[in-house]
Amino acid sequence: MFTHPSESHATTTAGGLVGDRTEGERMNIGEQVRILNVEPIVDPVPDGDFPDRFADVPAPAPRPTPRSGTADEPTRPEPTAADA
Amino acid sequence: MSEAPDLASPVAGWRLWHLGQDHDGPLLVSPLRPLAWSPRRAVTATCPTGCREPPTWHCTCGLYAAADLDAVAGYVGAPAVVGCTALWGRVVEGTAGWRAARAYPLVLFVPVGDTRPGVLDAMASASRRAVFRGRTGPLLGPLGDDVRQALGERYGVPVHALPIEHLGFLHPGVGAVRRARRRLRTDATVAGGRTRAVGAADALRQEAAGGLAARRLGDRDAERRLDTAVERLLSALRPDPPPIAV
């Protein structure tokens with residue numbers, strides 16, 4: 001009869017034997033050191049990336065300058081009495 | 001606004017799975033609870049206590065993996081599929097492992113070549129307990145090349161055969177393996193730390209994660225480096241390695 005050694009541990013501690021509540025298993029990862037934000041440049045899941053398909057990004061728009069016609073030409077605000 | 005990432009390659013760690021199956025083939029399952037690792041889909045951690053973004057610092061939720069293959073051995077209660085898994089997203093780093101928000105296996109090792117009675121029964125029992133709790137369904141037969149090939153095709157990761165007599169860490173109850181395990185412990189004491197097998201496992205773990213992008217881009221050298229790391233690990237796990245020719 002095989003018994004998982006962690007089954008006898010009901011309590012968990014941050015630095016000792018910790019439990020994987022997601023999976024219900026126990027694994028000792030030691031004392032917690034830090035939290036990392038890991039964003040792999042490629043998806044670890046096979047077929048997660050599609051090299052033959054371009055990324056779905058919006059078409060490049062011309063730089064919004066006053067003379068390119070893509071932006072409204074700025075107008076000088078009318079001076080008010082408070083500016084005087 | 002999201003925070004800047006700390007790492008651009010996944011963290012890799014060692015862990016174990018039991019082997020179940022569904023209608024489409026073999027399935028990796030977490031050892032104690034029926035959490036199936038779906039093929040070609042990242043596993044995402046959830047927290048029953050309500051953490052919004054598991055894993056959190058003060059909770060114990062998340063998907064676990066150990067830094068050392070040796071550390072995994074203490075948590076094996078039955079023959080199991082061992083492998084290296086990628087961890088990413090929010091990752092809580094410990095001194096001996098990690099727990100993360102997302103995971104997917106990188107390299108798997110399936111025990112093969114064991115015809116002794118009891119070992120496969122234990123595997124089937126553990127899988128049944130994990131996967132088919134409250135359900136009915138057939139279990140896979142003896143582990144072998146068929147299972148290895150099926151796992152590889154289904155999960156899209158390299159799956160290697162691990163001869164049962166090489167499982168120095170994973171089957172402490174087997175006589176030959178018990179001797180190998182004792183020898184490894186002795187080596188560790190003499191060396192004052194890591195054994196050769198643990199070092200090879202560490203190299204494989206780092207290559208599996210660090211070379212992921214290159215392998216995905218078709219870099220043959222990166223694939224060769226991973227294969228070499230696997231061969232070195234299997235050689236280091238061999239109970240009676242041949243003497244090194246000088």
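Student: How much space lies in the largest pocket?

Tutor: About 210 Å³. On a 1 Å grid over the protein atoms alone, a pocket is an open set of points where a 1.4 Å probe fits, with protein on both sides within 12 Å along at least five of seven lines. The volume is the space filled by probe spheres set on the points, which are joined across faces, edges and corners. This is a predicted model, where local features need pLDDT of at least 70, side-chain atom pairs count only at pLDDT 80 or more, and totals for chains, interfaces and linings use all residues. Residues are numbered from 1 along each chain as its sequence is written, and side-chain values use heavy atoms, without hydrogens and water.

Student: Which residues lie nearest the centre of that pocket?

Tutor: Lining residues have an atom within 4 Å of a point. Here there are 13, with B:Leu106, B:Gly156, B:Val157, B:Pro158 and B:Arg215 nearest the centre.

Student: Which residues touch the most other members of the largest nonpolar core?

Tutor: In soluble globular proteins, nonpolar side chains tend to be buried together. A nonpolar core joins buried Ala, Val, Leu, Ile, Met, Phe, Trp, Tyr and Cys residues through side-chain atoms within 4.5 Å; buried means under 20% relative accessible area with a 1.4 Å probe, protein chains only. In this core of 62 residues, they are B:Trp14, B:Leu28, B:Phe109 and B:Leu233.

Student: How much of chain B is buried?

Tutor: Buried residues make up 54% of its 246 residues.

Student: What does B:Phe109 touch?

Tutor: Contact means heavy atoms within 4.5 Å. Not counting residues up to four places away in sequence, the partners of B:Phe109 include B:Trp14, B:His160 and B:Leu233.

How values were computed:
Chains are lettered from A and ligands numbered from 1 in the order in which they are written. Buried means under 20% relative accessible area, exposed over 50%, partly exposed in between (1.4 Å probe, protein chains only).
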